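Subject: Structure handover

Hello,

Here is the structure I promised to pass on. My notes on what turned up follow below it.

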Amino acid sequence: MPYSQIVGVGHYVPDNVVTNHDLEKLMDTSDAWIQERTGIKERRFFTPGKDTVTSMATQASLIALERAGMKPSDIDFIVFATITADYYFPGCGVLLQRELNIPGIGALDIRNQCSGFIYALSVADQFIKAGTYKNILVVGSEIQSSFLEMSTEGRGIAVIFGDGAGAVVLKATENPDHKILSTHLHADGRFAEELIVKDPGGSRQGRWISHEMIDQGGTTVYMNGQNVFKHAVVRFPEVIKEALDTNGLKTSDIDVLIPHQANLRITKYVGEQLGLPEEKIVSNIQKYGNTTAASIPIALSEAWEAGRIQSGNMVCMAAFGSGFTWASALIRW
């Protein structure tokens with residue numbers, strides 16, 4: 001049976017840097033308030049007319065392909081994770097395929113919010129293990145700044161999110177020393193409305209989007225932050241331990257932990273619960289905020305660029321987010 005190996009990583013973030021001090025001019029907030037609650041110092045916002053969800057994914061993908069020593073034509077399947085697709089439909093998978101000029105191959109869109117990249121990675125891993133495909137491009141890309149309410153009323157959400165994209169090239173290999181060991185996916189829909197953008201939705205009468213939906217706040221993000229935090233600090237360590245137990249490993253075997261960049265307080269708490277030193281945990285939320293499905297691949301790419309990930313390292317990725325969904329992946333690099 002073939003194994004899946006990550007052979008190339010890449011990321012792209014917009015040029016537009018938005019600091020906490022920039023947000024102070026738009027809403028009643030402060031750099032100290034934002035950093036205390038989230039750890040974020042700045043984030044990137046897209047440039048209209050230059051950046052799209054697909055164009056950012058394309059740039060990240062081309063970097064990942066170059067580092068893998070591959071061409072777009074070598075790819076035989078795409079898995080694209082995003083909650084902010086350029087169009088209501090079709091999804092971004094086919095748009096990325098078009099940008100890379102590789103018509104005819106399959107393109108699958110994944111919408112699992114902050115866990116989206118690990119869900120996408122898991123799907124790609126199963127395809128390779130089954131022998132269906134040999135080279136798969138897995139992407140997470142988001143433009144979230146366009147739906148943020150940049151006001152005092154919306155500051156609880158507006159200060160958190162940012163834009164960006166990350167990509168990996170997954171390749172079939174016979175080498176058991178460098179592979180994805182396992183992935184673990186979970187969800188609990190009882191909490192679906194705790195972090196939600198309700199509209200537009202296909203189950204509404206009349207138009208998909210209306211002035212009434214907008215006036216009632218259905219098109220903006222609602223988050224029960226306290227409940228999200230309470231579940232996240234439980235599910236993160238739980239799903240990481242699940243990955244370790246499945247493979248007969250201990251927490252001390254982790255060389256690099258790449259958590260979804262949701263909140264620096266969550267990341268630090270999870271590290272403390274697992275007994276992992278800070279130098280083993282990748283954290284870049286300070287620079288980019290929460291980039292949802294792009295969060296993990298951006299952090300992975302930056303960690304690789306910085307030399308923090310070496311051949312033979314045990315790399316663990318973990319995520320928690322809307323749905324609720326949570327997931328982990330364990331990789332022998």
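Start at helix H9. At its start, a side-chain oxygen of Asn 263 comes to within 2.7 Å of the backbone nitrogen of Arg 265. Keep in mind that this is a predicted model.

**Helix H9 and what follows**

H9 covers residues 264-274. Its buried residues are Leu 264, Ile 266, Thr 267, Val 270, Gly 271 and Leu 274. They sit on the same side of H9, because they cover an arc of only 160 degrees around the axis. What do these buried residues pack against? Their partners are helix H2 (31-38), helix H8 (225-246), strand S11 (256-259) and H10.

Just after H9 comes Gly 275, with a positive phi of about 75 degrees. Asn 284 is in the loop between H9 and H10. Is Asn 284 buried or exposed? Its relative accessibility is 5%, so it counts as buried; the cut-off for buried is under 20%. Setting aside neighbours within four places in sequence, Asn 284 is in contact with Gln 261, Ile 298, Ala 299 and Glu 302.

**A pocket lined in part by H9**

The second largest pocket has a volume of about 190 Å³. H9 gives the largest share of its lining, 5 residues. Among the lining residues are Leu 264, Thr 267, Lys 268, Gly 271 and Glu 272. The lining also includes Leu 276, Pro 277, Glu 278, Ile 281, Ser 283 and Gln 286.

**The annotated active site**

Which residues does UniProt list for "active site"? The entry, which is unreviewed, gives Cys 114, His 260 and Asn 290. They are spread over 177 residues of sequence, yet they cluster in space. The largest C-alpha distance is 8.8 Å.

Take Cys 114 next. Its place is the loop between strand S5 (106-110) and helix H5 (116-129). Cys 114 counts as buried, because its relative accessibility is 9%. Not counting residues up to four places away in sequence, Cys 114 touches His 260, Asn 290, Thr 292, Ala 319, Phe 320 and Gly 321.

Now Asn 290. The loop between helix H10 (285-288) and helix H11 (295-305) holds this residue. At 4% relative accessibility, Asn 290 counts as buried. Neighbours within four places in sequence aside, Asn 290 is in contact with Cys 114 and His 260, among others. Its other contacts include Ile 40, Gln 144, Ile 160, Phe 161 and Gly 162. Gln 261, Ala 262 and Ile 285 are also in contact with Asn 290.

Over residues 244-333, the chain is 32% helix and 22% strand. The end C-alpha atoms of that stretch are 15 Å apart.

**Thr 84**

Thr 84 is in the loop between strand S4 (77-81) and helix H4 (92-99). Its relative accessibility is 9%, so Thr 84 counts as buried. A polar atom of its side chain lies 3.0 Å from the backbone nitrogen of Ile 143. Leaving aside neighbours within four places in sequence, Thr 84 is in contact with Val 53, Ser 141, Glu 142, Ile 143, Gln 144 and Phe 147. Gln 144 is also one of the contacts of Asn 290.

**An exposed residue**

Glu 153 is in the loop between strand S6 (135-142) and helix H6 (155-158). At 69% relative accessibility, Glu 153 counts as exposed. From Glu 153 to Val 233 it is 80 residues in sequence and 27 Å in space, C-alpha to C-alpha.

**Enclosed space**

How many cavities of 30 Å³ or more does the structure hold? There is 1. The largest cavity contains about 40 Å³ of space. Its lining consists of Ser 4, Gln 5, Ile 6, His 178, Lys 179, Ile 180, Ile 331, Arg 332 and Trp 333. Strand S1 (3-12), strand S8 (179-187) and strand S13 (325-332) each supply at least two residues of this lining. S1 gives the largest share, 3 residues.

Best wishes

Notes. Residues numbered from 1 in each chain as written. Predicted model: local features only at pLDDT ≥ 70, side-chain atom pairs only at ≥ 80, totals over all residues. Heavy atoms only, no water. UniProt positions renumbered as here; feature names shortened; annotations may be inferred. Helix = DSSP H or I, 4+ residues; strand = E, 2+ residues; numbered from the N terminus. Buried < 20%, exposed > 50% of the residue type's maximum accessible area, 1.4 Å probe, protein only. Contact = heavy atoms within 4.5 Å. Arc of directions from axis to C-beta. Polar contact = N/O pair within 3.5 Å; in protein donor to acceptor, adjacent residues only side chain to side chain. 1 Å grid on protein atoms, 1.4 Å probe; cavity = no way out; pocket = protein on both sides within 12 Å on 5 of 7 lines; lining within 4 Å. Points joined across faces, edges and corners; volume = space filled by probe spheres on them.
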